[in-house]
Amino acid sequence: MRDFKMSVPDYMQCAEDHQTLLVVVQPVGIVSEENFFRIYKRICSVSQISVRDSQRVLYIRYRHHYPPENNEWGDFQTHRKVVGLITITDCFSAKDWPQTFEKFHVQKEIYGSTLYDSRLFVFGLQGEIVEQPRTDVAFYPNYEDCQTVEKRIEDFIESLFIVLESKRLDRATDKSGDKIPLLCVPFEKKDFVGLDTDSRHYKKRCQGRMRKHVGDLCLQAGMLQDSLVHYHMSVELLRSVNDFLWLGAALEGLCSASVIYHYPGGTGGKSGARRFQGSALPAEAANRHRPGAQEVLIDPGALTTNGINPDTSTEIGRAKNCLSPEDIIDKYKEAISYYSKYKNAGVIELEACIKAVRVLAIQKRSMEASEFLQNAVYINLRQLSEEEKIQRYSVLSELYELIGFHRKSAFFKRVAAMQCVAPSIAEPGWRACYKLLLETLPGYSLSLDPKDFSRGTHRGWAAVQMRLLHELVYASRRMGNPALSVRHLSFLLQTMLDFLSDQEKKDVTQSLENYTSKCPGTMEPIALPGGLTLPPVPFTKLPIVRHVKLLNLPASLRPHKMKSLLGQNVSTKSPFIYSPIIAHNRGEERNKKIDFQWVQGDVCEVQLMVYNPMPFELRVENMGLLTSGVEFESLPAALSLPAESGLYPVTLVGVPQTTGTITVNGYHTTVFGVFSDCLLDNLPGIKTSGSTVEVIPALPRLQISTSLPRSAHSLQPSSGDEISTNVSVQLYNGESQQLIIKLENIGMEPLEKLEVTSKVLTTKEKLYGDFLSWKLEETLAQFPLQPGKVATFTINIKVKLDFSCQENLLQDLSDDGISVSGFPLSSPFRQVVRPRVEGKPVNPPESNKAGDYSHVKVSGLGRWHLPRAVRASAKPFLKHSFESFSERKGCVYLKAGFSVVFVLGQCFGKQSQ
Amino acid sequence: MAVCIAVIAKENYPLYIRSTPTENELKFHYMVHTSLDVVDEKISAMGKALVDQRELYLGLLYPTEDYKVYGYVTNSKVKFVMVVDSSNTALRDNEIRSMFRKLHNSYTDVMCNPFYNPGDRIQSRWALLPVSDPVQVGPAFCVLLPSFCRTCLAILVAKMQPFGKQGRKGLFKL
């Protein structure tokens with residue numbers, strides 16, 4: 001049974017193929033594929049020939065593979081008939097020649113019943129055999145030296161034409177008196193056994209079929225108009241005898257001829273371009289084909305020789321016989337409905353559907369085309385092999401694409417992809433599957449660039465897209481390309497996070513971790529063989545960063561600009577005192593630039609507010625800053641965020657190694673084994689208070705310690721700018737003591753300058769003003785202080801309160817409003833000191849942090865033990881400020897102002913002897 | 001009745017999609033997604049017709065083996081797609097039309113919801129209430145949310161009226 005069925009559909013077929021002659025080109029013996037296709041390509045270039053003495057054009061369709069069972073249907077539609085055979089063979093010695101020639105004959109036998117002519121191309125043979133002139137054999141010394149191949153092919157086609165023409169004339173001029181043989185398709189043969197061959201019915205059937213056959217031949221021979229006439233007559237004859245299969249074929253022939261007439265550019269798209277070089281420009285192609293066709297139509301010679309219907313040459317005849325574009329589709333529909341009556345004609349029906357779709361695509365009638373395709377989907381051929389299924393779905397996809405149904409096209413392409421890896425296939429083609437899946441992406445409006453998703457909310461078919469991504473991941477894994485699967489999985493996690501259920505999130509991350517354990521995710525774009533590039537997928541949502549803030553240095557390390565030195569030069573940039581343009585520019589700059597500085601070599605911090613959207617604990621490793629402008633040593637952090645955490649502060653630190661302007665561009669993380677570089681610019685909904693900061697040259701660091709013991713009590717809660725360590729000393733009036741302050745340079749830069757200023761509480765100046773004295777010169781002699789070196793600075797404290805005018809003194813001492821009891825008994829803890837915050841804002845957190853750097857600023861506190869006679873409380877205040885700074889590159893920054901603050905506290909000492 | 005109902009935004013992404021056999025939801029996603037090709041094609045063909053004469057009902061988009069897919073497009077190019085079982089012969093064109101009309105009304109009600117952002121997914125559990133009860137799909141698409149919406153609007157209108165009247169009075173006096 002199977003032999004009668006044409007089993008292999010040609011999915012690339014189009015209506016113009018009806019006018020072509022089928023020539024099979026095959027290798028004989030062992031011919032390397034490369035050589036064969038080189039010649040095959042050259043042969044294929046000869047696809048249309050203007051026949052010498054008439055103005056008709058012959059079209060040739062070349063195949064290097066053609067199933068012989070399809071050839072059996074050659075009578076039904078002559079373009080399915082193999083009429084020419086070209087064989088290519090290697091033959092290097094004369095002694096192999098007879099054998100080679102024998103092989104050629106064997107090959108000829110396969111298509112023997114239908115062949116008009118054949119050729120053998122022999123490569124490599126030299127000698128006397130070559131000298132004998134033969135028409136059916138051509139000898140070439142090698143594959144390079146064969147310029148005449150095209151010429152040979154042209155001659156060959158002309159010989160084909162002669163046979164064709166003779167057959168056409170032979171059949172066309174058959175007189176009704178002769179017995180017309182019944183043409184039939186393979187599966188019909190047994191049906192006609194024992195049928196009455198003399199009945200009118202039978203004769204009509206024979207006539208009709210023969211007419212149709214002649215129509216086919218005319219079409220192939222380039223006589224479009226004649227073929228139309230024959231087809232029309234055939235349709236009438238066959239309709240009257242209800243010979244549906246052949247009626248269908250006649251109608252289809254009619255359609256094909258009309259299509260060729262209406263659309264000279266071809267309907268086949270790509271396959272058309274293959275056949276007619278340069279048909280990429282339809283208009284040009286039209287010009288090339290049209291004149292020939294018209295000349296044929298009005299060529300009286302051509303028409304009278306066939307002697308059938310001379311009046312077809314008139315314009316009226318042409319208009320009448322040729323179907324209108326609308327009719328073409330109706331006739332196709334009719335033909336297909338007739339074909340569908342025959343199970344064995346499934347392939348014919350399918351091909352007719354495809355041809356009709358191609359025509360409709362040109363007519364831009366997508367809706368009708370989709371109906372034809374829908375029909376094609378349901379045509380049940382025999383059990384298809386897996387490859388054929390893949391081919392079928394791919395072609396359906398291509399056709400849907402052709403009519404602009406991108407989604408449907410993507411659907412079928414995906415089905416084809418799934419078919420490539422069907423469980424029944426022994427060696428699943430994951431590569432092909434992956435390639436096909438990639439091609440479906442546009443149809444599902446999915447791009448693999450995460451940037452397309454960062455803008456606004458996701459708008460697409462999440463469920464469908466997610467499925468596709470999962471399939472891509474799986475296919476790439478089975479392909480043995482873990483980098484690809486990691487990339488796709490990261491993409492899935494990043495873009496579809498909002499649509500994943502909690503369980504899915506867990507599953508996806510788990511498999512991602514599995515993959516990355518073998519192949520960590522990178523930030524490199526992955527280039528695919530198809531020319532597609534997969535951009536990197538940074539996990540900007542794992543964790544989600546809401547706020548980025550560059551932090552100032554701790555108070556003790558903060559650089560201060562030395563206004564005194566730079567004061568005059570502040571506004572040298574502009575000659576104008578005020579310019580609105582400059583002011584405007586500054587305003588813009590201010591948006592980005594932050595008004596504090598970082599110091600080279602000091603640890604700088606950036607605070608991020610992050611949260612974890614996952615329903616489980618998120619471990620973020622290797623989280624650090626991405627910067628530009630300055631060499632920056634980032635010190636990555638690892639953090640672990642609790643499940644679905646709220647906003648969570650994370651501080652990223654690093655050390656600038658050079659000076660200049662540093663821009664914090666983003667941060668990098670490693671989550672689930674995937675490295676991500678997240679740039680702030682690409683993060684939606686992020687709040688940042690500027691990301692550019694100036695880095696100034698390294699400054700020295702100074703640690704200060706005193707000889708006096710530390711005080712347990714903080715007399716002066718430090719303000720933001722001052723860090724103090726309190727030391728205490730108790731002295732009697734008239735007593736003196738030395739306070740030794742050790743200055744140690746713990747930085748990397750030499751300390752060049754030291755300045756000591758004293759600030760004495762103004763109101764108490766007259767009382768305590770001269771308690772302290774120092775000699776700076778001795779200390780300065782040790783400067784510049786090299787890193788690691790220690791300098792000492794001595795302060796003499798001499799208490800000399802003048803009790804001669806006691807009233808005043810006591811008055812002053814009690815000014816601070818502390819009530820003092822008259823009893824000479826008191827506790828040192830009762831001392832009350834009001835802090836002297838010099839109008840600067842208190843910033844406790846910073847000062848706390850700064851406390852870690854207490855070596856920089858030290859306040860010494862002398863607690864003064866007043867003589868017992870004194871019954872008053874006082875809190876005089878002295879402040880001495882030592883300043884060190886370094887000067888370089890014309891910028892002067894004060895590294896750290898530190899102060900030794902002496903607060904004259906009062907306490908009621910125990911009565912002492 | 002209907003086994004799947006989908007509301008598709010003007011830009012062809014789904015606003016709402018729900019199907020009764022929830023176990024094979026993806027199949028309906030695919031079905032609705034591919035049907036958009038036909039919807040697009042029909043709309044573009046319709047674009048030539050006069051706008052006011054346009055028929056919102058698109059008719060049968062395509063039949064599959066087990067289902068029939070129908071389409072409907074509002075004037076603002078929001079598409080409704082309904083999948084019905086093809087074995088259900090009781091559903092004639094007229095029934096489908098009336099189902100779509102009800103769906104359209106429900107959609108309008110959802111749009112009236114002051115808490116709904118046009119273009120967002122329709123999240124409400126009750127919104128459209130399409131297919132949870134196959135028998136009910138025809139007559140009662142939506143019950144709770146639209147009525148809530150209506151009361152909501154009524155309250156709003158009632159609250160605004162005094163202001164409106166005063167304003168108008170003031171205007172008249174002037």
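Let's start with one residue. A:Arg205 sits in helix H6 of chain A, residues 200–220. A word on helices and strands: both are DSSP runs numbered from the N terminus, helices being H or I with at least four residues and strands being E with at least two.

Now the ground rules. This is a predicted model, where local features need pLDDT of at least 70, side-chain atom pairs count only at pLDDT 80 or more, and totals for chains, interfaces and linings use all residues. Residues are numbered from 1 along each chain as its sequence is written, chains are lettered from A and ligands numbered from 1 in the order in which they are written, and side-chain values use heavy atoms, with hydrogens and water left out.

Back to A:Arg205. Is A:Arg205 buried or exposed? It counts as buried, because its relative accessibility is 14%. The cut-offs are these: buried is under 20% relative accessible area, exposed is over 50%, and partly exposed is in between, with a 1.4 Å probe and protein chains only.

What does A:Arg205 touch? Leaving out residues up to four places away in sequence, A:Arg205 touches A:Leu182, A:Phe192, A:Leu238, A:Val241 and A:Asp243. Contact means heavy atoms within 4.5 Å.

Next, an annotation. An unreviewed UniProt entry places the feature "domain: Trs120/TRAPPC9 N-terminal" at residues 191–264 of chain A. UniProt positions are given in the numbering used here, feature names are shortened, and annotations may be inferred rather than shown by experiment. Over residues 191–264, chain A is 77% helix and 0% strand. The end C-alpha atoms of that stretch are 40 Å apart.

Let's zoom out to whole chains. Chain A has 28 helices and 27 strands. Of its 913 residues, 52% are buried. Take the contacts in chain A with a separation of 6 or more: residues 24 or more positions apart account for 77% of them.

Now chain B. It has three helices and five strands. Along the sequence the pattern reads β-β-α-β-β-β-α-α. Of the 174 residues in chain B, 45% are buried. For chain B, residues 24 or more positions apart account for 53% of the contacts with a separation of 6 or more.

Salt bridges next. The rule is a side-chain nitrogen of Lys or Arg within 4 Å of a carboxyl oxygen of Asp or Glu. Over all chains, the count comes to 25.

Look at A:Glu144 and A:Arg38. Their side chains meet in a salt bridge, N to O at 2.8 Å. The pair links distant parts of the chain, 106 residues apart. A:Glu144 is in the loop between strand S6 (137–140) and helix H5 (149–172), while A:Arg38 is in helix H1, residues 33–44. A:Glu144 is exposed, because its relative accessible area is 57%. A:Arg38 is partly exposed, at 31%.

A second pair: A:Glu252 and A:Lys355. The closest N and O atoms of this salt bridge are 2.7 Å apart. It also links distant parts of the chain: A:Glu252 is in helix H8 (residues 244–262), A:Lys355 is in helix H14 (residues 346–363), and they are 103 residues apart. How accessible is A:Glu252? Its relative accessible area is 0%, so it is buried. A:Lys355 is buried too, at 0% relative accessibility.

Now across the chains. How many salt bridges are there between chain B and chain A? The count is two. A:Arg407 forms a salt bridge with B:Asp37, with the closest N and O atoms 3.2 Å apart. This pair runs from helix H17 of chain A, residues 406–420, to helix H1 of chain B. Both A:Arg407 and B:Asp37 are buried. A:Arg407 also meets B:Asp40 in a salt bridge, N to O at 3.3 Å.

Last, the interface as a whole. Here 24 residues of chain B are in contact with 20 residues of chain A. The two chains bury about 2100 Å² between them, 64% of it on carbon and sulfur atoms. Buried area is the accessible area (1.4 Å probe) that two parts lose on being put together, summed over both. In chain B, B:Tyr30, B:His33 and B:Asp37 lose the most area to chain A, together 35% of what that side buries.

That's the tour. Questions, please.
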